[in-house]
Amino acid sequence: MRKLLVRRPRGLRGRIALTFGAGALLIAGTLAGSTFFFSRAYLYDQRERTVVRQAALDAVFVADQLDSADANIPAILSAAGAPESGTVVVERDGEWYSSSLGVGREVIPPALAERVNSGRAARTTVTRDGVPTVVVGIPLTRPGATFYRVVPLRELHETIRTLQAVLATGAAVAGVSGIALGIWASRRVVQPLNLVAATAAEVAGGLLDTRLPPTDDPDLATIVGSFNAMVDTLRRRIERDSRFAADVAHELRSPLTTLVAAVDVMQRRREELPDRSREALDLVHAELDRFLQLVDSLLTLARAEAGLERDRLEAVSMTELAAQVADRAGAGAHIVSAVDPGLVLGDKALLERALFNLVNNAERHGGGVSAVRVERRDDQVAVLVDDEGPGVPVSERERIFERFATNRAARGSSSGTGLGLALVAQTVTAHEGMVWCTANPSGGARFVVRMPALPEDEL
C-alpha cells in the first residue's frame, strides 16, 4: 500500500527566512552572473584584440624575412613565434611550416583558411583540449604565402574559471547569509506574536489579570493597547455575568426557602390529600429540590469564577478528599490509590464539591463508579474517575463541560442541572489545573483531573 505523503506547511518564521534567502540569492546571483558575463566578454575581447595586433606585427616581420632569397622559414617562424605568445603557422607553395611541434595545419579551421586564401584577413576562436584558442589568419601577398597565429588562452581561461568560482561562492554565501538574516529577522518579527499568543493562552486559561507589557514601538503600540483593552472588556463582562448569576441565585434563596418550608408542611399532611394532589405535590417537591441544586450550583460557580481567596487556601490531600467524597456518594468501595501522591494547595470546599460532582455524575449518569484513583504524575496530582456507562462520544467530550450541557445519553433524566461538570472545570481551572474526559480502557468513560502538587518546601 502506498503511503500518502502529507506536506507539512511551513511556519511564518520559515517563510520569512526562505524569502530573505531567496531574495539575497536572487540579487547576488544576478550581480554575479552579470559581472561574470560582462567580465568574460570584456577580457576575451581585449585578449583577442591584443592577439590580432601582435599577429599583424608578426605578419609584417615574417613577410619581410620571406622576401630574402636565402630565407630560412623555420628560423623565421621561431623568431616570430615566442612560446608565450602562441604558435606561428605559415603556408607557402602548398607547404606548411610551424614554430611549435604538434601544432600545424590541423589546427587551422577550413573556413578560416578559405577566407584567408581569398585575400582577406580573418580571425576565429576554437576550443582545443578544453581551452579557448584564437586563430588569426593574414594573407602575405608579397611573398605569396599565408600567415596564421594560434594563441591558446589558457591563462585567461583559468582566470575566468577562478572568477566564476569566486562569484558563485559569493552568491552562495550571500544566499546563506540571507537565510541567517531571515532567521534573525523572523525571530524579531515573530517574538511579539509569540508574546501575544502566550498572553492569550493565559487569558483563555482563566488568568484574566494577564496583560501585554507596554512597548515603545509605534507599530506595536496599537496592537498592545487593543489587546489589553479587549482583555479588560472581557474581564468586566465575565465579572458582570458572574455577579449577575450570584445576585440572582442569592435573591432566589429567600423565596425558595419559603417554598421549601411550605412544601415540607404539605408533605407532613400528605396523607390527607387526594391522589392527584399527592402526585402534584411530589412533582413540586422534586422540581423544587432540583431548583435548590441549581441555585446552589450557580452560587458555587460564581464563587469559583471570582477567583480563589488566599485566606481560604490550604494544603489538601486529594487521596483523603477523594475517599471522603466517594463514601459520601456511596462509591467508597471503588477507591484505588497507591502511595500518597502528595498535597495540593487549594480551597478544600470547592475541591470537595468538584470531586463530588464527578463521582455523583458517574453514579447517576455513567452506570456507576468503577474506580477512583489518585496518582502522582511528575509534579502534578491526578484524580481519575472511571464509570461503567456507555462512555462519552469524542464529539461530546468538550461540550459536556459547558454550562447547562448534559450527556445526550442521559437526556431522559430531569434530575441534572447541567452545571455539575461546568463547576468542575471552573474549579480546576481556578486551581491552575486541567480536566478532561477520555475513554476508559476497560469500558465506559474516564474523567481526569490534574493539578499542581504542592512543593515539599512549602509544606
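## Starting in a strand

In strand β4, the bridge partner of Arg123 is Val136. Arg123 itself sits in β3 (residues 122–128), and β3 and β4 run antiparallel, joined by 7 bridges. Two strands count as a pair if DSSP finds at least two bridges between them. The hairpin they make has 2 residues between the strands, and there Asp129 takes a positive phi near 55°.

Before we go on, a word on where this comes from: the model is predicted, so local features need pLDDT of at least 70 and side-chain atom pairs count only at pLDDT 80 or more, while totals for chains, interfaces and linings use all residues. Residues are numbered from 1 along each chain as its sequence is written, and side-chain values use heavy atoms, with hydrogens and water left out.

## The whole chain

The protein chain has 9 helices and 12 strands. These are DSSP runs, numbered from the N terminus: helices are H or I with at least four residues, strands are E with at least two. Of the chain's 459 residues, 36% count as buried. Buried means under 20% relative accessible area, exposed means over 50%, and partly exposed is in between (1.4 Å probe, protein chains only).

Now for contacts, meaning heavy atoms within 4.5 Å. Take those in the protein chain with a separation of 6 or more: residues 24 or more positions apart account for 61% of them.

Have a look at helix α3 (residues 110–117), where Leu112, Ala113 and Val116 are buried. They cover an arc of only 100° around the axis, so they end up on the same side of α3.

What do the buried residues of α3 pack against? They meet β3, β4 (131–140) and β5 (145–152). The face turned away from that buried side carries the exposed residues Pro110, Ala111 and Glu114. After α3 comes Gly119, with a positive phi near 100°.

## Charged pairs

Side chains of opposite charge can pair when their charged atoms come close. A salt bridge here is a side-chain nitrogen of Lys or Arg within 4 Å of a carboxyl oxygen of Asp or Glu, and the structure holds 8 of them. One is between Arg123 and Glu48, with the closest N and O atoms 3.9 Å apart. Arg123 lies in β3 and Glu48 in helix α1 (residues 12–67), so this pair ties together parts that are 75 residues apart in sequence. Arg123 is partly exposed, at 41% relative accessible area, whereas Glu48 is buried at 15%.

## A charged network

Another salt bridge pairs Arg446 with Asp386, and here the closest N and O atoms are 2.8 Å apart. Arg446 is in strand β12 (residues 445–452) and Asp386 in strand β10 (residues 380–387), so to speak two distant parts of the chain, 60 residues apart. Both Arg446 and Asp386 are buried. Salt bridges with shared partners join Arg373, Glu375, Arg377, Asp386 and Arg446 into one network.

Within that group, Glu375 forms a salt bridge with Arg377, the closest N and O atoms being 3.3 Å apart. Glu375 is partly exposed, at 27%, and Arg377 is partly exposed too, at 27%.

Technical notes:
Arc of directions from axis to C-beta.
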